[in-house]
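Let us take a walk through this structure together, one part at a time. Have the model in view and follow along.

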Amino acid sequence: MADQTPAVGPSPGRIALRRMLAHRSFALGVSVLLVMTLMAIFAPLIAPHDPYATDLTQRLLPPFWHDDSVPEHILGTDKVGRDYLSRLIYGARVSLAIGVLAVLLSGLIGTVLGVAAGYFGGKVDAVVTYLIGTRLSLPLFLVALAVVAMFGSSLTIVILVLGLFLWDQFAVVMRSVTKQIRSQDYVRAARAAGASHMRILWREILPNVREPLLVVATVEMANAIILEASLSFLGFGVQAPLPSWGLMLSDAREFMFFDPWLLTIPGCALFALLLAINLTGDGLRDVTGRGGVLR
Amino acid sequence: MLRYVIRRFLLALLTLITVSALAFFMTWLSGDPALAIAGDTASAEDIAAVRDHYGLDRPIVAQYFSWAGRALRGDFGVSYHFDLPVSEMLATRLPVTMTLGAASILFALALAIPLGVLAAVYNNTIIDRAALTIAVLGQAIPTFWFALMMMILFGITLRWLPISGGGSWAHYVMPTIALGYFATPVLMRLTRAGMLEALESDYIRTARAYGLPIRSILFRHALRNALIPVVALAAVQFGFMLGGSIVIETVFSLPGIGWLGYDAILRGDLPVVQAILLVVAGFYVILTFLADLLNAALDPRMRSAG
C-alpha cells in the first residue's frame, strides 16, 4: 500500500535515452557518426594540409606504416601529391552532405506519399502503390547513370537524383505504419470530435510515425552514400577535384597493383561511416521496438 | 484470390507500360538522336538523312508506339555505335548477367538460410550475435570496394582467380561473392524472423508435445513455413541484381548487360540503354508479381482481402 504514492519516475524520453546508452552497438554507431560529423564540419581546422594543394615532387608518398613514409603526410599523398589525410577529412563532408540532403528530399516525398496512402486509403492508396511499384521496377543505378550523363555530373545533380529516387522505402513503411495508427482509438476520437484531416495528420499521425521514419532514414542515408561513392567511382558522380571518397577510390584503381593502400584508406573510411549509420539504425529499431523495415 | 491475381496482374502491366514510356521519353530528353547517330563531324545533310532514315521526323507519340510495338516483338532497333541489332547484343550479354545473378542469389541463400536458422534456434546466444555481425558487416561494405579488395587478395597477391573477363567459371567466383554477400543480410534476417515466429507457433508446440524429433520439427515444419517469404524476397533480390550488377560487371570487365549499359551510357547509345532498361524492368516486374502471388498464396488474410 505504501507504493500508492504517485511515482515520479523518469520521463519516457529519459527511459529511452537510458536504453539507448545501454545498447552497446547503438552507442558505438552514434559515437563514430558523431566523430565523423564533427570531422566534416571542422574539416578546415583539423586537416593538416589544403586538400586541393598539389605537389608533383611529393607524389604517391606511402602512409605511416611503410618505412619510407614522411611525417608531414601521415596517410601519404595521391598521384598529384595531395595530402591523403586532408582529402579523407574533407571527403566526409561530401558523403555526409549527400547522405543528409538526399534523405531529406526522399524522406519528404516518401512520407507525404506513404502517409497519404495509409491515411486516406482507397484511390490514393492505389495510386501510391502504383508509383512505388513503378519506381522499384526502374533499375536505380542505370537510371542514375543515364540522368547524370544527361545533365552533367555535379554534387547538386547527384543529390537531386538520389533524393528523387530513394523515397520508395519511406513510402512503403509510412504507408503501413499510418494504416495501423489510423484505426487507433485516439485518431477515431479526434475524428469524432470533428478535427479536420490536416489537423489529425499533423497532430495525431505525424508525431507517431517519427521512430520508424528515423529508422528508414538511416537505411536510406547509408544507401545514398554507397550510391554516390559508386557513381563517383565510375566517373558519374561528383566532379574532380572535389574530395569524395568515391572519387579517391576511382583515382586509386590504376595504382591498385603497387599501392593498394590508396584503395584501402578511403574504403575503410566509407566502411566505417556506413557501419556507424547502420548500427545507429539497428539500435533505433531495437530501442523503439518498431519499424519493421524490409529491404 | 482470383480477384487479387487479376488486380495484381493489371498493376504489373500498367507498371511495365509506364516504364517503357519513361525509357522512351527519357532518352529523348538527352538531346537530338539524329545528331548522336551522325556524330559530331556530320554535315547538315548527313543529319537530315539520318533523321529520315530512322524516322526521327515523325511525331514523338507515333514514334513511341512503333518503338514499343517492335520492342514487344523483341526488336529493339539498331545500336548507334556498333551498328548491330540491339537484340543480338542483348542475346550475347544477357546470359552472362543471368548466370551472375543466379549464382549470386544462390550464394546468398546458401549463406543466409543456415545462418538465419542457427540464429533463430540459438536465439540470443553468441551464435545469434555472430550471425547478426556478419549481416551488419555485409550491409556496410560497399560492393565495389569489397570487389577491389578481393581482387587485390585473390587476384594479385595469391593469384588464385582471374581479375577480369568472363571466359570461364573462375571469372564468376569473385563477382558472385561480391554481389551475393550484399544480398545476404536481408535474407538472413528474414529467415531468422520467420524461424523465430514458426518456433513459437501453436503447431510447432503441438508437434513438440507429440514428441516428434527436434530435427524433424525444425526442417520439416518450421523451416518449410519460414522459407516461403525468403524465396519470395530472393526472387525480388534477383530482379534487383540484374539491374544492380553494373558496378560489379564494370569492375571485373564481365561482359554482361550491366557493363554493356555502362558503355552505352558513356557513348550515348540510346537504343541499347532503352532496351536494357526495359528488359531489366520487365524481369523485375515479373519477379515481383510471382513473389507477391507466392506470399498471397501463403497468407489467408491477403487472399480474402483481394
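Start at A144(A), which touches V161(A), F165(A), L227(A) and L231(A), leaving aside residues up to four places away in sequence. Keep in mind as you look that this is a predicted model.

As a general background, nonpolar side chains in soluble globular proteins tend to be buried together.

Now turn to the place where the two chains meet. Here, 33 residues of chain A are in contact with 35 residues of chain B. On the side of chain A that touches chain B, the elements giving two or more residues are α5 (122-137), α6 (140-151), α10 (197-233) and α12 (261-288) of chain A. Which of them gives the largest share? That is α12(A), with 9 residues. What kinds of residue make up this side of chain A? They divide into 25 nonpolar, 6 polar and 2 charged.

Next, let us follow chain B by itself. The C-alpha atoms of chain B fill a box of roughly 85 × 60 × 25 Å, taken along the principal axes. Of the 306 residues in chain B, 42% are buried. Contacts in chain B also reach along the sequence: among those between residues at least 6 apart, 73% join residues at least 24 apart.

Where the domains of chain B touch, 15 residues of domain 1 are in contact with 15 residues of domain 2. On the domain 1 side, α1 (2-29) and α2 (33-38) of chain B each supply at least two residues. The largest share of that side, 12 residues, comes from α1(B). Sorted by kind, the residues of domain 1 of chain B that touch domain 2 divide into 11 nonpolar, 3 polar and 1 charged.

Key
Residues numbered from 1 in each chain as written. Chains lettered and ligands numbered in written order. Predicted model: local features only at pLDDT ≥ 70, side-chain atom pairs only at ≥ 80, totals over all residues. Contact = placed C-beta atoms within 7 Å. Helix = DSSP H or I, 4+ residues; strand = E, 2+ residues; numbered from the N terminus. Nonpolar A, V, L, I, M, F, W, Y, C, P; charged D, E, K, R; others polar. Buried ≥ 20, exposed ≤ 12 C-beta atoms within 10 Å, placed from the backbone.
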